[in-house]
Every structure is written in C-alpha cells, then in structure tokens.
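Thanks for asking me to look this one over.

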Amino acid sequence: MINNVFFLSIFIVLFQPAALSASSYDDDTLEIFSKIIPRFILMSSQKTTIQNKIEICILHDKLDERTASSLVDRIQNNYPNGIKNYKLNVINSDYTDIDLCRKSQLAFLFDTDEKNMDNSIRMLNKNTVFTMSYDAKYLVNGVDATLFLGRKVVPYINMRALRQSGIEIDNTLVQISKIYLQGDSK
Amino acid sequence: MRGVSIELKMIIGLIFFAVFLVGFERFQFSDNIVQQFIESKKSKNKLLIDTISPIIGLNISLGLNNANAEYLNQIMKQNNDLLNFDLIDSTGSRIFHYEKVPLIEIQKTVDGVRYASQSIKDPVTGENVGTVYLYFDDHEYQAMMEKNKEITIKIFGISFVVLMIFVLFIKREFKFLKRLSEEVLQYDPHINNFTLQKSDRTDEVGVIHNAIISMVTKINGYATLLDDLNHSLAVKVEERTQELQNANLQLQELSLTDSLTHLSNRRSLAIHLHDIWELAKRNHIVISIIMCDIDHFKQVNDKYGHIIGDFVLKDIANILKNSLKRKSDFIARYGGEEFMIVLYETEIHTAEEICGTIQNNLKDIDKFEYKEVKLNSITMSFGISSITPNETSEYNDLIKLADMALYQAKKNGRNCFVSITE
C-alpha cells in the first residue's frame, strides 16, 4: 500500500506539468483567438507596419508546441485567403527563437514561466510588436491584450501597456473590450 | 355695437386678426416643436443604430456571440423606447432577437421614428455581416401629435368662429349701408318713396344715414315748391296760349273778313275760289259766280254820308246772305259796293234764279231806315258767269266774265242781271 502511494506520488510529480498544460487551453478560446488575432492587427496602428504580409508570431514553450500548431491551423483555416487583401504569415516559434518575431505585427504568447514571459514581453514591446497572451494573468507583466473569459468572452486590453509600446487601437475595439486597470484581479 | 365707431370696430377687427396671427404663429411654433421632436427622435435613433452597428459588426466578425447578446441586452435595457430588436446575419438567420412588444403590434414604418434598420459591416473587411432592425415606441410622438392637433383645432376653431362673427357683423353693417344706398337710388321726390326713418345709431354710419334723411326731407320740400311753381307756370302758359290762339283767330278773321259787313273779304274770296277751282277741275264740276253791285250807291254816300252808306252796305250784305240757302254757297265783299257770290256745282240758270231771289228780297223791303234817314228803294245789278274749269282756264277768267256781264247789266239800265257763260 505504501509502495503504491509512493509510486503514484512520483508519477504525479513527474507528469503534473504536462497534464496541467494539456488541459489549460480551451478549444473554443483558441478558436476565438484565431479569429481575433489578425483583426487586432488591422484594428490597431500595427497595420501601418505591414509590408506585404501580415506577420503573426505564435510563441510557445516546447510543451505547448502542438497547441500552438493547432492555433496556427485555426488561423489559416479561418483566413485561408488572408484578410483584407493581406496574406497571412503565421510563424510558430519557441520562446527560445523569439528573434523570429522581431518584425511581426503581433505575437501570441502561450504560457511560460514568469521570467521568460517578462523578458519576452519586454523584447517584443521594444520592437513594437503587439503582444497577446492566452492567459489574462500576463496583463500584470505588460502584455497588451488577451481575452476576458467571464460570463461573456470579450477582449481584455491593457491600455497602459499599449501606451508604453506606442500602439494605438481602434475605438470600436476599445468599446467592445474590457479595459485592464492596474491591480485588477485576474 | 351700433354705437361703436368704425375706428373702434376696425381696431377690434385688427385685434381679432392679430389673435388669428398669434394663433397661427403658435400653431407653427407647436408644429416646429413636433418637427424638432421628430428630428431629435430620428437623430437619437440614428445615433443609437450608428453606435451599436460597428460594435455588433465587430462582435460578429470576432465571433463574440455571447458578448454581442449581452451588449444588445444592455442596449435594450438602457433604451426604454426600444420595443423590438432583430439582428439577422448575412445568410438570413436570426442571430439575436429581443422584444418588449410583439412585432405584430408595432406599426412598421420607415419614418425613422418608429423604425430603423441598418446593414452591419465588418469593421475590418467592410463585408456585410448582417442587418439590424430596431422598432421604437412612439407614444411620446403620438401624444405630441395629438396635442398639436388639439391645439391646432382649438386655435383655428376659435379664430374661425371669432373671424366669422366679425365678418357677419361687417356684412350686417354693409347690409345697412346697402339698404340706405338702394333707398337713395330709388328715391323719387315726386312720389316721396323714401321709407327709412331716422336712426338711433351714433356711429359714422348713423351720422351718414341721418344726414341723408335730412337731405331727402329738404329735397321733398323743394320738390313741392317746384311742383307748385311748375303748375302755376303751366296755367299761365295755357292762358297765354289761349289768348294767343284767340288773337290768331281774330287776326285770321280780320284778314279774311270784311269788318263792316262781316262777310268774307276779297282775300278770302281768292282763297276760296282757288280751292274750289282745283276741286271742280278735277271733278269736272261747273262753277257759277254772281258779281253784285248796288245801283247808284255813290249818290247815297254823297247825299246821306258814308255812315248811312255803311248801314246800307250792312243791310245789303244781310239780304244777300239770307238769299243763299246752301252751305256751300259763298259770299264775299269784293270791294266798295260790289259783292261776289260763288256757287259751286251750280249751272248758270240756277245762278240767275238766285239773282231773282235777291231782287225779290230787295223789293220786299219797302224802306231802308237809318235813324232819321229813310231811303225808298235800293236795287242791284248782277253779272253772272259760269265755267266748268279745265286745264287751260283760270278762276280769274270767271271773274272777268262776271265783270263783263255786270258791266253789261249796268249798261242795260241797272236793276237787272246779265249772264255770260263760256
């Protein structure tokens, strides 16, 4: 009996992150993200930086690679011909290759450790890349936007972060979004 | 009101008119408020639909259906006048519906007050993603319209009634003046047919009315006076005319009558002869004349004087006149002691018989007595001529023949007659 409990504990300690990770991304939410990501670019000042294609960077840890790929697929499925005469170029990148996202208009950030997140956001903001995280908790770290998953799902916008990175967004977008204020509980 | 002056009446009329204008202005003001309300309502509705459309469009495009539903629910709650809401996507499927009142009970119009709709565009791509239909409560609008209608009816009703009263009053005034003018136009001073009496009115119309009546009374007086003068003048004219006619008759008589014997004179004889000569010529009738001369009349004048001679002439004239029986027989003093008898349609032997009758009548008078003068007998000589007038003969021919016959009778010893016929 003691041996069984011991092995179970060992199993939980070893596989807990993967198990948690797999269950923390909701398909419906990802679907919403896949729809709003290109539109957020076109409804912000980021559209002025578009050369030929809209570049979207999906940043993830190794653990979330499949989920990230799934998001890329969703985006491409939702916008097979691009959007508003723009082709979409979705880069699926590990946080370690964050430099690939330097010229992107928007970077979608899957969960990662706090430090990595801070560094990534800092680097992306420095390059005026619109940051959007899956989890709203990263608003504290200065991510520009995420989704508010409450009774209703609405964009969640960090105005302070946007101001700091010098990105402006469309008024209509602001109207439908929840505005993150410093100190909001997540 | 009859005592109120025209000036005051005009002021009252102007006040009524001003009331009407103010009423009309009030109506326009009220109408403007309604129009402004309508425009305001339209603007508000448009603002609402313009505000919500991009958000709805964005929510649809982002796939935030729950957020959309909550947003629209919130909009419905915030807008009390929004009764019904329909959001239809581009395929025609209803995405969202909210109704406070069933759509069937809402009058669907496109006036922008009760109903508004707009296509929903994707704010990013501009694609049509659906249509939104809004139905609004318009009871405020209806209430305002009803109020405006009520005010309008009241204003125009009252103004109309007041103006009609004024118009009727003015018409009555004109009727009074019309009757007055008709009476004046039909007035004939000879029959005095002016029937209007003095008015108690103290206004200008009353003053004019009474002034006309006063004038008519004066005209009546003058007309009577004029009639009397005319009558008097007519009588005088008639008298003068009669006198003139009498004078004319007298003159005519004097011009045609011998003043001593009262027989026709020579001028009258000429006229008579001329007339019957033409008549006899046309009818082929014989005319005889007897020229008579008193024998030795010069001696009577010389012996007893002309006064006695005149008495003799008068007596002889009467004898001659009485000797003629027919009305058509004509006798005239031809001159001095000569007389002429014209016998129309008389043969010479009849004329001779008449001479015989005259001689007998002269014989029947034994004495001619004139005051103390007594004449034993007076005889006459007669020259008779007879002609049936034709185209070549003249009545002077008849006289010449008679004259010749008289001359012959004188030559034959007087107191006889000689006949000459053509």
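The points below go from chain A to its interface with chain B, then to a pocket and one leucine.

1. A word on the source before anything else: this is a predicted model, so please read every value below as computed from predicted coordinates.

2. Chain A has six helices and seven strands.

3. How much of chain A is buried? Of its 186 residues, 48% are in the buried class. The accessible surface of chain A is about 9900 Å², and 51% of that comes from carbon and sulfur atoms. As for contacts in chain A with a separation of 6 or more, 62% are between residues 24 or more positions apart.

4. On to the interface. The size of an interface is often given as the accessible area lost when the parts come together. For chain A and chain B the buried area is about 1500 Å², and carbon and sulfur atoms carry 68% of it. Which three residues of chain A supply more of its buried area than any other three? They are Arg39(A), Lys152(A) and Ile176(A), with 37% of what chain A buries against chain B. Counted by contacts, 17 residues of chain A meet 16 residues of chain B.

5. The largest pocket may interest you. Its volume is about 210 Å³, and its lining is made of residues of chain B, among them Asp295(B), His296(B), Lys303(B), Tyr304(B), Lys374(B) and Thr379(B). Two elements of chain B, α6 (297–304) and β9 (373–375), each give at least two lining residues. The largest share, four residues, belongs to α6(B). By type, the lining has four nonpolar, five polar and three charged residues.

6. Finally, a residue worth a click: Leu163(B), in helix α3 (residues 139–186) of chain B. Leaving aside residues up to four places away in sequence, Leu163(B) touches Phe16(B) and Phe20(B). From Leu163(B) to Phe16(B) there are 147 residues in sequence, yet their C-alpha atoms are 6.7 Å apart.

7. Why is Leu163(B) classed as partly exposed? Its relative accessible area is 21%, and the buried class requires a value under 20% while the exposed class requires one over 50%, so Leu163(B) falls in between.

Key: Residues are numbered from 1 along each chain as its sequence is written. Chains are lettered from A and ligands numbered from 1 in the order in which they are written. This is a predicted model: local features need pLDDT of at least 70, side-chain atom pairs count only at pLDDT 80 or more; totals for chains, interfaces and linings use all residues. Side-chain values use heavy atoms; hydrogens and water are left out. On a 1 Å grid over the protein atoms alone, a cavity is a set of points where a 1.4 Å probe fits but cannot get out, and a pocket is an open set with protein on both sides within 12 Å along at least five of seven lines; lining residues have an atom within 4 Å of a point. Grid points are joined across faces, edges and corners, and a volume is the space filled by probe spheres set on the points. Ala, Val, Leu, Ile, Met, Phe, Trp, Tyr, Cys and Pro count as nonpolar, Asp, Glu, Lys and Arg as charged, and the others, Gly among them, as polar. Buried means under 20% relative accessible area, exposed over 50%, partly exposed in between (1.4 Å probe, protein chains only). Contact means heavy atoms within 4.5 Å. Accessible areas come from the Shrake-Rupley method with a 1.4 Å probe; for residues, only the protein chains shown count as cover. Buried area is the accessible area (1.4 Å probe) that two parts lose on being put together, summed over both.
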